[in-house]
Structures are given as structure tokens and as C-alpha cells.
Amino acid sequence: MELDLAGAELKSVLNRLRRAQGQIAGVIRMIEEGRDCEDVVTQLAAASKALDRAGFAIIATGLQQCLTDTEKAQHNGESAEQMRARLEKLFLSLA
């Protein structure tokens with residue numbers, strides 16, 4: 001299954017990933033500077049949340065596409081159950 005992000009979806013996912021990228025860079029800088037552990041963990045949690053939200057947005061798009069691509073997948077030899085299992089595995093990888 002290919003991911004087809006368009007327009008606002010793509011912009012939203014990219015913004016979330018860039019936010020996480022900046023937060024991770026901040027965590028690295030904080031550790032290098034010997035900052036307070038609580039501040040580092042708080043910033044790390046924010047980065048993790050941004051990554052999770054990007055992942056969930058991608059999976060939501062995949063689920064939506066799954067509903068419209070079921071016939072296409074069946075022509076490629078993949079059953080609806082196999083597609084559902086793959087999507088479930090992806091979703092659980094973020095849990």
C-alpha cells in the first residue's frame with residue numbers, strides 16, 4: 001500500500017515532523033549543556049508526542065486509502081483481511 005498524502009494532510013504531517021526534529025535537537029543541546037533532568041524529559045516527551053501525532057495522521061490516511069483501495073489490493077492478490085492485518089500492525093507499532 002502506497003501512502004498518498006496531499007495538500008493539507010502532507011503539510012500537517014511535515015509540520016509535526018519538523019516540530020519533533022526541532023525538539024529532538026533541543027534535547028540534544030540540553031543534554032550537552034548539562035541541563036536539569038526534568039527539563040530534558042519534558043522536552044523529550046513533547047518530541048515523542050509530535051512523532052506519535054505524525055504517525056497517527058499517516059495511519060489515518062492509510063486507513064482511509066485502505067477503504068478505497070480494497071478492490072485494487074484484491075487484484076494484486078492481497079485479501080481485505082491481509083490489508084487489515086498490515087494496518088493493524090502499523091497502528092500497534094505506535095502504541
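These are my notebook entries on a predicted model of one chain.

**Ground rules**

I number residues from 1 along each chain as its sequence is written. In this predicted model, local features need pLDDT of at least 70, side-chain atom pairs count only at pLDDT 80 or more, and totals for chains, interfaces and linings use all residues, while side-chain values use heavy atoms, with hydrogens and water left out.

**Confidence**

I checked pLDDT, the predictor's confidence in each residue, from 0 to 100. The chain averages 81. I noted that 78% of the residues score at least 70. Confidence is highest in helix 1, at a mean of 89. It is lowest in helix 3 (residues 80-93), at 77.

**Overall layout**

I counted three helices and zero strands. Helices (H or I, at least four residues) and strands (E, at least two) are DSSP runs, numbered from the N terminus. Along the sequence I read the pattern α-α-α.

Next I looked up burial. Buried means under 20% relative accessible area, exposed over 50%, and partly exposed in between (1.4 Å probe, protein chains only). Of the 95 residues of the chain, 22% count as buried. The accessible surface of the chain comes to about 6800 Å². Carbon and sulfur atoms hold 57% of that surface. These areas come from the Shrake-Rupley method with a 1.4 Å probe; for residues, only the protein chains shown count as cover.

I then looked at contacts, meaning heavy atoms within 4.5 Å. Among those between residues at least 6 apart in sequence, 68% join residues at least 24 apart.

**Helix 1**

Helix 1 covers residues 7-32, which makes 26 residues. The expected span of a helix is 1.5 Å times one less than its number of residues. For helix 1 that gives 38 Å, and I found its end C-alpha atoms 38 Å apart, which agrees.

Which residues of helix 1 are buried? I listed Val13, Ala20, Gln23, Gly26, Val27 and Met30. An α-helix has 3.6 residues a turn, so residues three or four places apart point the same way.

Arg18 also lies in helix 1. Arg18 is exposed, with a relative accessible area of 52%.

**The nonpolar patch**

I found a nonpolar surface patch of about 440 Å². Leu10, Leu14, Leu17, Ile24, Ile28 and Leu51 make it. Patch residues have over 30% relative accessible area and no salt bridge; like charges are joined within 9 Å, and nonpolar side chains (Val, Leu, Ile, Met, Phe, Trp, Tyr) within 5 Å. Helix 1 gives the most to this patch, with five residues.

I followed Leu17, which sits in helix 1. Leu17 is partly exposed, at 35% relative accessible area. Leaving aside neighbours within four places in sequence, Leu17 is in contact with Leu51 and Ala54.

**Across the sequence**

Leu17 and Ala47 are 30 residues apart in sequence and 9.0 Å apart in space, C-alpha to C-alpha. For Arg18 and Ala47 I noted 29 residues and 9.9 Å, C-alpha to C-alpha.

Leu44 is found in helix 2 (residues 37-75). At 45% relative accessibility, Leu44 counts as partly exposed. Leu44 and Ala20 are 24 residues apart in sequence and 9.1 Å apart in space, C-alpha to C-alpha.

**After helix 1**

Just after helix 1, Gly34 takes a positive phi of about 70°.

How many salt bridges are there? A salt bridge is a side-chain nitrogen of Lys or Arg within 4 Å of a carboxyl oxygen of Asp or Glu. I counted one salt bridge. The side chains of Glu33 and Arg35 form it, at 3.8 Å, N to O. Arg35 is partly exposed, with a relative accessible area of 42%.
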